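Please look through the sequence and the structure below before reading on. The report after them starts with the overall build and then turns to a few individual residues.

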Amino acid sequence: MSPPRRAQRRLRRLKVLRRIGWSAVAVIVVALAAVLIPLGLAHEKPLAVCITDPATFPEAGVEGWQGEQLVNAATIMQTATALGFGRDGQILGVMTAMGESSLHNIDYGDWETSGFTNPDGSRTTSIGLFQQQEWWGTAEQRMDPATAATLFYERLARVPDWPSMEQSLAIHRVQINLDPTYYTRYSADATAVVDALSEPC
């Protein structure tokens with residue numbers, strides 16, 4: 001074989017080897033990316049929960065409470081803070097709304113759902129997160145979560161020694177419902193929700 005032909009063969013071999021080499025490198029890079037990127041994402045910290053930003057609330061919810069319910073809980077908590085109530089007061093407000101409306105801002109109440117009447121026999125007019133009747137305020141006030149929470153906390157503030165009372169009994173002094181211990185069942189959930197939404201942003 002002549003020297004020029006040998007040189008051409010060598011060049012062909014080198015080109016083939018280079019192509020194989022680059023292909024191998026590409027395969028390794030893709031394989032590493034497929035392994036390392038998911039690992040990196042798995043170690044990323046979850047987005048911090050921020051009470052003022054519902055987009056950061058856990059999609060899975062907290063103890064079964066999620067979406068609009070957490071938004072309403074956050075509104076109650078922020079209202080409590082603005083009025084000078086701490087964690088204990090926030091828990092009472094969230095417990096109350098859990099028990100009264102399942103943390104949904106509903107425009108109907110006890111009469112529509114159960115046929116309950118007031119002690120004087122008149123129809124109940126309860127609406128909103130806290131199921132407040134017409135003597136609490138206008139329909140607009142009772143259907144606005146922040147205003148309804150304000151009405152609740154203004155009355156709670158007038159209950160002597162409420163912080164030292166059993167939670168459900170303190171709430172009962174404000175809501176005046178049939179069963180003074182009714183709200184006890186919501187204590188653990190309300191505590192979990194308040195603590196979850198209280199993390200620093």
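Helices (H or I, at least four residues) and strands (E, at least two) are DSSP runs, numbered from the N terminus. With those terms, the elements of the protein chain run α-α-α-α-α-α-α-α from the N terminus on, and the counts are 8 helices and 0 strands. This is a predicted model, in which local features need pLDDT of at least 70 and side-chain atom pairs count only at pLDDT 80 or more, while totals for chains, interfaces and linings use all residues. Residues are numbered from 1 along each chain as its sequence is written, and side-chain values use heavy atoms, with hydrogens and water left out.

**The chain as a whole**

The protein chain has 201 residues, of which 35% count as buried; buried means under 20% relative accessible area, exposed means over 50%, and partly exposed lies in between (1.4 Å probe, protein chains only). Its accessible surface comes to about 12,200 Å², and 59% of that belongs to carbon and sulfur atoms, where accessible areas come from the Shrake-Rupley method with a 1.4 Å probe and, for residues, only the protein chains shown count as cover. A contact means heavy atoms within 4.5 Å, and among the contacts in the protein chain with a separation of 6 or more, 54% are between residues 24 or more positions apart.

**Histidine 172**

Is histidine 172 buried or exposed? Histidine 172, whose place is in helix α7, counts as buried because its relative accessible area is 17%. Not counting residues up to four places away in sequence, histidine 172 touches Asn177, Asp179, Pro180 and Tyr183. With asparagine 177, the side chain of histidine 172 forms a polar contact of 2.7 Å; a polar contact is a pair of N or O atoms within 3.5 Å, and within protein one must be able to donate a hydrogen and the other to accept it, while residues adjacent in sequence count only if both atoms are side-chain atoms. Histidine 172 and leucine 156 are 16 residues apart in sequence, and from C-alpha to C-alpha they are 9.8 Å apart in space.
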